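Take a moment with the model below. We will walk through its parts step by step.

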Amino acid sequence: MYFAALLARTEDGWEASDMELDDVESLSDLIDLARSAAVDDDTVVALIEQEDAWFGVIRVDGEEDPRYYVSNASVANRSSYGSMLTKELLGNDEEVDELDDLDLDGTEDGEDEAVSAFTDEDADADDAVGTGSEPVPAGPLGDPRLLEDLGVGNKELMSLDSDALSEIAEALGATEVLEAVR
């Protein structure tokens with residue numbers, strides 16, 4: 001289960017909104033959603049968490065390139081939204097970040113049979129993103145300084161774990177608005 005929220009900076013502080021992931025099929029959809037929440041092209045921080053297993057932060061500042069951070073890339077890579085982030089961070093050039101490429105039964109669109117039983121070889125394959133044999137690193141991936149100017153230093157961000165989104169919101173001064181959408 002995912003929790004996702006957008007924090008949009010305004011001149012009066014932060015506004016939070018629940019980020020509905022049902023219509024997000026690619027990383028560009030997620031970025032468009034974040035940009036649409038911006039007030040006067042100011043900063044938007046998208047926060048995604050999957051059951052305390054990993055969290056991701058996406059920062060969008062106007063039309064600048066987004067910046068990303070994932071707390072545990074190898075774990076995130078095993079989830080649909082996390083894999084979108086890890087593929088982007090590892091520079092995967094393939095256009096396969098569409099979530100609808102896989103059906104819920106584990107088959108690719110158009111396949112008739114379910115994927116065979118999980119093996120140790122599959123575990124190794126799950127840790128590769130599709131950029132040759134480059135494995136997905138265990139641990140943080142991305143720009144740990146993306147929130148530094150907002151009060152969350154890189155060492156602090158990298159040390160966060162189970163209650164990361166609440167701690168990030170507290171550092172940003174957005175605890176109340178984030179809790180309102182939880």
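Is Tyr 69 buried or exposed? Tyr 69 is buried, with a relative accessible area of 1%. Here, buried means under 20% relative accessible area, exposed means over 50%, and partly exposed lies in between (1.4 Å probe, protein chains only).

Some ground rules come next. This is a predicted model, in which local features need pLDDT of at least 70 and side-chain atom pairs count only at pLDDT 80 or more, while totals for chains, interfaces and linings use all residues. Residues are numbered from 1 along each chain as its sequence is written, and side-chain values use heavy atoms, with hydrogens and water left out.

Now the overall plan. The protein has 7 helices and 6 strands. These are DSSP runs numbered from the N terminus: helices (H or I) of at least four residues, strands (E) of at least two. From the N terminus, the order is β-β-α-β-β-β-α-α-α-β-α-α-α. Of the 182 residues, 41% are buried.

Tyr 69 lies in strand E5. E5 pairs with E4 in the antiparallel sense over 4 bridges. Two strands pair if DSSP finds at least two bridges between them. Gly 56 has Val 70 in E5 as its bridge partner. E4 and E5 form a hairpin with 5 residues between them, and Gly 62 in the turn has a positive phi of about 60°. E5 also pairs with E6, again antiparallel, over 2 bridges. There, Tyr 69 has Gly 142 in E6 as its bridge partner.

Next, the rings. The count comes to 3 aromatic pairs. Rings of Phe, Tyr and Trp (its six-membered ring) pair if their centres lie within 6.5 Å; planes under 30 degrees apart count as stacked, over 60 as edge-to-face and the rest as tilted. Tyr 2 and Tyr 81 are edge-to-face, at 4.8 Å centre to centre with 85° between the planes. This pair links distant parts of the chain, since Tyr 2 in strand E1 and Tyr 81 in helix H3 are 79 residues apart. Tyr 2 is partly exposed at 25% relative accessibility, whereas Tyr 81 is buried at 9%. The rings of Phe 55 and Tyr 69 have centres 6.0 Å apart and planes at 45°, so this pair is tilted. Ring pairs also join Tyr 2, Trp 54 and Tyr 81 into a cluster.

Why is helix H3 largely enclosed by the rest of the structure? Because 7 of its 10 residues are buried. Among them are Tyr 81, Met 84 and Leu 85. The buried residues of H3 pack against E1, H1, E4, E5, H2 and E6.

Now look at the cores. A nonpolar core is a set of buried Ala, Val, Leu, Ile, Met, Phe, Trp, Tyr and Cys residues joined through side-chain atoms within 4.5 Å. The largest has 23 residues, and those touching the most other members are Val 45, Phe 55, Val 57, Leu 147, Leu 157 and Ile 168. H6 gives the largest share, 5 residues. A second, separate core of 22 residues includes Leu 6 and Trp 54.

Finish at Asp 61, in strand E4. Asp 61 counts as buried, at 17% relative accessibility. Its side chain makes a polar contact of 2.4 Å with the side chain of Thr 43. A polar contact is a pair of N or O atoms within 3.5 Å; within protein, one must be able to donate a hydrogen and the other to accept it, and residues adjacent in sequence count only if both atoms are side-chain atoms.

Terms used:
Contact means heavy atoms within 4.5 Å.
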